[in-house]
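Subject: Structure handover

Hello,

Here is the structure I promised to pass on. Please open it first, then read my notes below.

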Amino acid sequence: MDFRFSEREEMLRKSVREFAENEVTPKMEAMEETGEFPTELLEPMGKLGITGVITPTEYDGVGLGYVARTIVLEELGRVCAAMPMALQVHHMACAAINDFGTDAQKKRFLPPLAKGETMGCVPVTDPTGGSDVIGMKTSAELKGDKYVLNGRKCFATNTHTSDFWVVIARTAEGAKGLSAFIVEKDAPGAKVGRKENKFGLRGANTGELAFDSCEVPKENLLGQEGGGLAVAIKTISETGRTGMAATALGILTAAYEQAGKFASERVLYGKPISALQAIQFYMAEIYSQLEICRLLCYRASWMKDQNMRCDNETALAKYYTCEAAVNAAKRAIEIHGSYGIMREYTVQRLLRDAMVTVPAGGTAEIAKVVLGRAALSPFKK
Amino acid sequence: MEICVVVKRIIVCTKPVPDPKLWDKVSVDPVTRTLKRQGIPSIINPLDKHALEAALSIQEAQGGEVVLLSMAPTFTTSTLREGLAMGADRAVLLSDPLFAGSDTLATAHILAAGCRWIGQFDLILCGNFTIDGSTAQVGSQLAEFLDLPNVMHVIDLDWQATHTMIITQKIEHGYTKLRASLPVVLSIRKELNRPRYIPFAGIIAAESKEIEVLTNDDLRIDPTLIGLEGSPTKMAGLEIRRFERARERLEGSVDEIVQKLVDKIYQYGVI
């Protein structure tokens, strides 16, 4: 077992770190103010390989896989977690089309996603709730050579910055009655709705989509009719959860760095507060969480790269890392004292961002359902 | 502007320098009085990245080959790999225990031998200075040994329809425009360009690119010209300077303290 990163992975991390520190940092104030994703960074991220990191080279990606993607998302999240939030959803669209698309769909939709010409978006959640996927109401009915979609999607990331969306809709009753569609934003009857005003991950655009007799060509069906649940589950489980976990891992890394720096510089009683055992214990908690979560996140991503079944591991990484990011950010604020709740200090943003990762991309409770099932399966009679 | 200058090979001199974020971990060898770099991660000297970016831009416009040239210990190859990932075609590392302790003059001898070994070239680009030594001498010394012109403080490059290039050189209160024939050695300032980030595709491509390691057996430089022996720069001594205000406590009665203070004021020429 070799836990070291390869020279390739180390260089990848260096590349993304430099990009994030130099290019994302100047955008953060506007992202926090407006809640808008800096779409002007899409082109440079496309050139670098960030947007196409998991997309095969034959579709203009770099095909580096999920460990590389986790490095990318962690490093972006270390600087500004809204970036990996938006990008991990972008990657979900890439994965869904790559895993379930026809050759024609891949040739048409993957290159612009890989090159950063547009963003990916996978709206699954109906207003009736995201956890109850099978209970969704958004419908699709085949009429001639078109599907006609009716309904609404909410809390979807990248709605307003995408040229097309991978939408899950109901074509029949029951779990086998869901289907996936690539819906283009200029499709008749498709409309972007309100933008949400979140308290964290503000630079990741979250919005609503409305379909009013929206016409989608039959060739935009993704996978088989009735295969929508498989598209949703595989994409959320493998790409979504690893992505959310990596986003939270970036927040954890930032919390560790911010807390450590402050503790070493802040002097009380004539010495840095890092000399106080209470602060050392807080730092030990943050450090332990970071190390544990790194192992969980990279193991899950590595298993995905090996084509191993990894739904339990991705659920564990997502659930544990998002909760740990919240706890670490709170501890980092406590180490900062009153400075920690001031807007000019990073740690308050880390807590806001971390709290958004908990319900996003599948709630902690749904992850625990998966883990409970895994925990009890050896004892099942 | 029409481009008719054909550049077939550009050599970019790069130096691995200790990561400035870890400068507090760098120590000095008390015997050789040189920096102990082992164990400290290296980065490409920042201005050398600007030189590489210039070379890659020229290559994108005109083709040709970009060769990285470095004199360094073999444990620093990651910086050359990074340069290859940015887009350079090949890298030549000059590494031999005989080279250790070389000052700028000896380094220039070694780099000049490396350039001759590489063969025909049209341009040599260097960073204007390195962030560890900051002497800004190697580019000019290298040019001298190769019998080539050198322009320092380069902030812009332009090509003319003749076999020349127009170089903008920053001077103290403005700039000078110079015309140069190739080959020429240019020392690049950061104003020239913005180095590209390492593209992921470049990282993969770099894995199959060659880093040629040469020793003095390949270069055959007179050993008296290189290393500590060939370095006229001798460090006379080494001390840690503390920049602290002088503090002195004046004792006695109030009148005595005031008198002492007045004396000090006169003594230090304050009034």
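Let me start with a strand pair in chain A. Strand β3 (residues 164-170) of chain A pairs with strand β4 (residues 178-184) of chain A in the antiparallel sense, over seven bridges. One pairing to look up: A169(A) has S179(A) of β4(A) as its bridge partner. Please keep in mind that this is a predicted model.

Now stay with β3(A). Seven of its seven residues are buried, so β3(A) is largely enclosed by the rest of the structure. In a regular strand, side chains alternate between the two faces of the sheet. Both faces of β3(A) are covered. On one side, F164(A), V166(A), I168(A) and R170(A) are buried.

Next, the helices. Two packed helices are described by the angle between their axes and the distance between the axes.

Take α9 (residues 311-336) and α10 (residues 346-357), both of chain A. They pack at an angle of about 160°, with their axes 8 Å apart. An angle over 145 degrees counts as roughly antiparallel, so α9(A) is roughly antiparallel to α10(A). Their crossing is left-handed. From α9(A), the contact uses C322(A), A325(A), V326(A), A329(A), K330(A), A332(A), I333(A) and H336(A). From α10(A), it uses V347(A), Q348(A), L350(A), L351(A), A354(A), M355(A) and T357(A). By class, this contact of α9(A) with α10(A) has 11 nonpolar, three polar and one charged residues.

Helix α10(A) also packs with α7 (residues 228-265) of chain A, at an angle of about 160° and with the axes 10 Å apart. That makes α7(A) roughly antiparallel to α10(A). The crossing of α7(A) and α10(A) is left-handed. On the α7(A) side, look for M244(A), T247(A), A248(A), I251(A), A254(A), A255(A) and Q258(A). They meet T346(A), V347(A), L350(A), D353(A), A354(A) and T357(A) of α10(A). By class, this contact has eight nonpolar, four polar and one charged residues.

Last, the two chains. How many residues of chain B are in contact with chain A? There are 11, and they touch 14 residues of chain A. In chain B, α2 (77-86) and α5 (200-206) each supply at least two residues of the side that touches chain A. The largest share of that side, four residues, comes from α2(B). By class, the side of chain B that touches chain A has seven nonpolar, one polar and three charged residues.

Best wishes

Key. Residues numbered from 1 in each chain as written. Chains lettered and ligands numbered in written order. Predicted model: local features only at pLDDT ≥ 70, side-chain atom pairs only at ≥ 80, totals over all residues. Contact = placed C-beta atoms within 7 Å. Nonpolar A, V, L, I, M, F, W, Y, C, P; charged D, E, K, R; others polar. Axes fitted to C-alpha atoms, helices over the stretch in contact; angles between N-to-C directions. Parallel < 35°, antiparallel > 145°, perpendicular 65-115°, else oblique. Left-handed = near helix turned anticlockwise from the far one by under 90°. Buried ≥ 20, exposed ≤ 12 C-beta atoms within 10 Å, placed from the backbone. Pairing = 2+ DSSP bridges.
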